[in-house]
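Reader: I am new to this one. Please show it to me, and then I will ask what the labels rest on.

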Amino acid sequence: MTNSPEFLTTRDAAAILGVSVATIQQMVESGKLRAWKTSGGHRRIFKDSVDALLASSSQRPLDIVIAEDDQDLRKLYRLLFDQWGMGGNVEIFENGVQALLRIARRPPDLLITDLMMPSVDGFEVVRQVRADPMCASMQIVAVTAMPKEVVAKEGLPADIRVLSKPVDFAVLEQIVRKAARLA
């Protein structure tokens with residue numbers, strides 16, 4: 001007999017996979033994780049399903065869309081993603097409109113968006129992406145130089161990670177590597 005449980009709560013599965021509880025719920029609903037519901041409506045995720053996801057995650061390359069209006073930062077993103085050597089598909093757009101058009105064609109696994117951009121800002125990009133059921137499991141990272149109070153006032157969903165500029169690229173790399181395990 002092992003000490004590890006056969007079933008996990010959504011919170012336990014979220015901690016193991018490094019994602020939010022809402023993402024785990026979406027993964028269950030989409031069939032990415034096997035689970036059942038208790039009579040009280042709580043999900044219980046099969047541990048072997050989580051283990052299998054972790055084991056197979058390196059099989060598909062990560063698909064990433066970046067929306068950033070600053071040319072120098074776009075170049076830096078490209079350089080760093082190449083250095084991280086994770087493969088996958090990284091597309092970088094200079095505005096929210098271009099990013100949304102790409103997302104509409106094929107939703108990526110991860111969206112990294114600046115919040116302050118001309119025309120369609122990152123807040124609107126996030127609103128439109130979250131309104132699309134096809135993008136429900138997409139992970140989103142928002143990047144901004146705006147004060148935290150201003151960002152909080154706009155009301156981003158709780159599962160969106162917000163990084164301040166200048167971007168801590170070590171933190172961003174950790175986020176991307178976690179996302180790659182779940183792709």
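Reader: Where is the place of Leu100?

Author: Leu100 has its place in helix H5. Helices here are DSSP runs of H or I with at least four residues, strands are runs of E with at least two, and both are numbered from the N terminus. This is a predicted model, where local features need pLDDT of at least 70, side-chain atom pairs count only at pLDDT 80 or more, and totals for chains, interfaces and linings use all residues. Residues are numbered from 1 along each chain as its sequence is written, and side-chain values use heavy atoms, with hydrogens and water left out.

Reader: Why is Leu100 called buried?

Author: Its relative accessible area is 15%. Buried means under 20%, exposed means over 50%, and partly exposed is in between (1.4 Å probe, protein chains only). So Leu100 is buried.

Reader: Which residues is Leu100 in contact with, leaving aside its neighbours within four places in sequence?

Author: Val120, Val125, Gln128 and Val129. Contact means heavy atoms within 4.5 Å.

Reader: What makes H5 roughly parallel to H6?

Author: The axes of H5 (residues 96-105) and H6 (residues 122-131) come within 10 Å and cross at roughly 15°. Therefore H5 counts as roughly parallel to H6. The cut-offs are under 35 degrees for roughly parallel, over 145 for roughly antiparallel and 65 to 115 for roughly perpendicular, with the rest oblique. Axes are lines fitted to C-alpha atoms, for helices over the stretch in contact, and angles run from 0 to 180 degrees between N-to-C directions.

Reader: Which residues meet there?

Author: From H5, Gly96, Leu100 and Ile103. They meet Val125, Gln128 and Val129 in H6.

Reader: What makes H1 roughly perpendicular to H2?

Author: H1 (residues 10-17) and H2 (residues 21-29) pack at about 105°, with axes 8 Å apart. That angle makes the two helices roughly perpendicular. Among the residues that meet are Ala14 and Leu17 in H1, and Val21 and Ile24 in H2.

Reader: How many aromatic pairs are found in the whole structure?

Author: The search finds 5. One of them is Tyr77 with Phe81, a tilted pair.

Reader: Why is that pair called tilted?

Author: The planes of Tyr77 and Phe81 are 55° apart, and the centres 6.5 Å. Rings of Phe, Tyr and Trp (its six-membered ring) pair if their centres lie within 6.5 Å; planes under 30 degrees apart count as stacked, over 60 as edge-to-face and the rest as tilted. So the angle of 55° gives a tilted pair. Both residues lie in helix H4 (residues 71-84), 4 residues apart, about one turn of the helix. Tyr77 is buried at 1% relative accessibility, and Phe81 is buried at 8%. Tyr77, Phe81, Trp84 and Phe169 form one aromatic cluster.

Reader: How do you know that the charged end of Arg34 sits over the ring of Phe46?

Author: The charged end of Arg34 is 4.2 Å from the ring centre of Phe46. The definition asks for NZ of Lys or CZ of Arg within 6 Å of the ring centre and within 35 degrees of the ring normal. Arg34 is listed as sitting over that ring.

Reader: Why does Ser119 count as exposed, and Lys165 as partly exposed?

Author: Ser119 has 71% relative accessibility, so Ser119 counts as exposed. Lys165 has 26%, so Lys165 counts as partly exposed. Ser119 lies in the loop between strand S6 (110-114) and H6. Lys165 is in the loop between S8 and H8.

Reader: What joins Lys165 and Pro166?

Author: A cis peptide bond, with omega about 0°.
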